[in-house]
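Subject: Structure for your review

Dear colleague,

Please find below the structure that I am handing over to you. My notes on it follow.

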Amino acid sequence: MLPASLESRLRLPLIAAPMFLVSGPALVVAACRAGVIGSFPTANCRTIAELDAWLAEIKAATAGAAPFCPNLIVHRSNPRVADDLAAVLRARPEMVITSVGSPEPVIKPLKDAGCLVLADVASVRHAEKAVAAGVDGLVLLTAGAGGQTGWVNPFAFVRAVRRFWDGIVVMAGGMADGQAVAAAELLGCDLAYMGTKFIATRESLAKPAYKEMLVDARLDDVKLTRAFTGLETNMLRPSIEAAGLDPDNLPERGAIDIAKDINAAERERLDAPGSRARRWKDIWSAGHSVSGVADIPSVAELVERTAAEYASVQVVKT
Ligand SMILES: Cc1cc2nc3c(=O)[nH]c(=O)nc-3n(C[C@H](O)[C@H](O)[C@H](O)COP(=O)(O)O)c2cc1C
């Protein structure tokens, strides 16, 4: 049940999903202008000053368009949650997504500022907890999603959540085209996330070689592993192989440490010439929806095509 003021500004019930080191202002602005919700993790900014600048730029460029939606990674290892939250509150976006942790600590300030809060959850227990904490919507992370993934079957997950929740539900994982978006809606979702397909757009911050690999990859090239982040993550087998590793014999890794990922000095070290291939940098993630990546269009073209696919679906009830 989307608020009418939001629904009326959407061309499609779609969110260009937040993606670490992939979603920046160009992608977000193009998505919003094309009529879908554009999202980005605040962790993509190396400093709070940069985050303030991104938020101001995106806000100015999307006035009257679909809403933009910052994503706060609320995992306890993220030392920047409070500062990023303060920057988001200064910008007053219409909606915010929380991920990789409990939304509880950030809900009150966001709701007080009039923000719609969506929390990403991967189990029914976490969905119940997020609802009890007062969220407006749930992003259901299902099996096959890109990045840190879910493991629950989407059909069962949506229906299980709909037994106790009539607020906003977003399907995350496996959205390879507009037909999938229509199917998610039929199942009971209000919105769908599309991540991997937006990596392979001209506006994404991903390296050209990453985008090309998505075009060439098939569904079977997606490898589920805990080796790179400590949490179950879907990765591209060819990128693991290119880094000199065997995708079928990867080591287990310890707990996720977002502090390390967003630390500016660490990122510069990874950017330095000669740096060894490291997780998120040259070992790349993709969801099962990589099966729908055939080229590298602009964001506007991707939304246009998805809207045409969505419109082609006819549901006949007898
Ligand atoms: C490269 C990559 C980075 C991601 N980074 C984030 C992130 O920073 N925050 C977040 O909430 N989700 C992140 N995700 C998950 C996406 O928001 C979304 O759940 C997922 O892409 C949906 O599946 P799909 O890629 O098959 O569409 C990431 C996904 C990918 C592929």
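With which residue does lysine 111 form a salt bridge? Its partner is aspartate 136, and the closest N and O atoms of the two are 2.6 Å apart. A salt bridge here is a side-chain nitrogen of Lys or Arg within 4 Å of a carboxyl oxygen of Asp or Glu. The pair joins distant parts of the chain, 25 residues apart: lysine 111 belongs to helix H5 (residues 104-112), and aspartate 136 to the loop between helix H6 (124-133) and strand E6 (137-141). Helices (H or I, at least four residues) and strands (E, at least two) are DSSP runs, numbered from the N terminus.

Before you read on, please note that this is a predicted model, in which local features need pLDDT of at least 70 and side-chain atom pairs count only at pLDDT 80 or more, while totals for chains, interfaces and linings use all residues. Residues are numbered from 1 along each chain as its sequence is written, and side-chain values use heavy atoms, with hydrogens and water left out.

**Salt bridges**

The structure holds 14 salt bridges. In the pair described above, lysine 111 is partly exposed, at 34% relative accessible area, whereas aspartate 136 is buried, at 18%. (Buried means under 20% relative accessible area, exposed over 50%, and partly exposed in between, with a 1.4 Å probe and protein chains only.)

Arginine 202 forms a salt bridge with glutamate 301, with 3.5 Å between the closest N and O atoms. These two residues are 99 apart in the chain, with glutamate 301 in helix H14 (residues 299-312). Arginine 202 is exposed at 53%, and glutamate 301 is partly exposed at 34%. Both also belong to a network of salt bridges that links Arg202, Asp295, Glu301 and Arg305.

**The ligand**

Of the 24 residues around the ligand, Pro18, Phe20, Gly195, Thr196 and Ser289 come nearest; a residue is counted as near if one of its heavy atoms lies within 4 Å.

- A ligand nitrogen is 2.8 Å from a polar backbone atom of phenylalanine 20.
- A ligand oxygen is 2.7 Å from a backbone N or O atom of glycine 195.
- A ligand oxygen is 2.7 Å from a side-chain N or O atom of serine 289.

Taken alone, the ligand exposes 600 Å², of which the protein buries 95% (accessible areas by the Shrake-Rupley method, 1.4 Å probe).

Yours sincerely

Note on methods. Polar contact = N/O pair within 3.5 Å; in protein donor to acceptor, adjacent residues only side chain to side chain.
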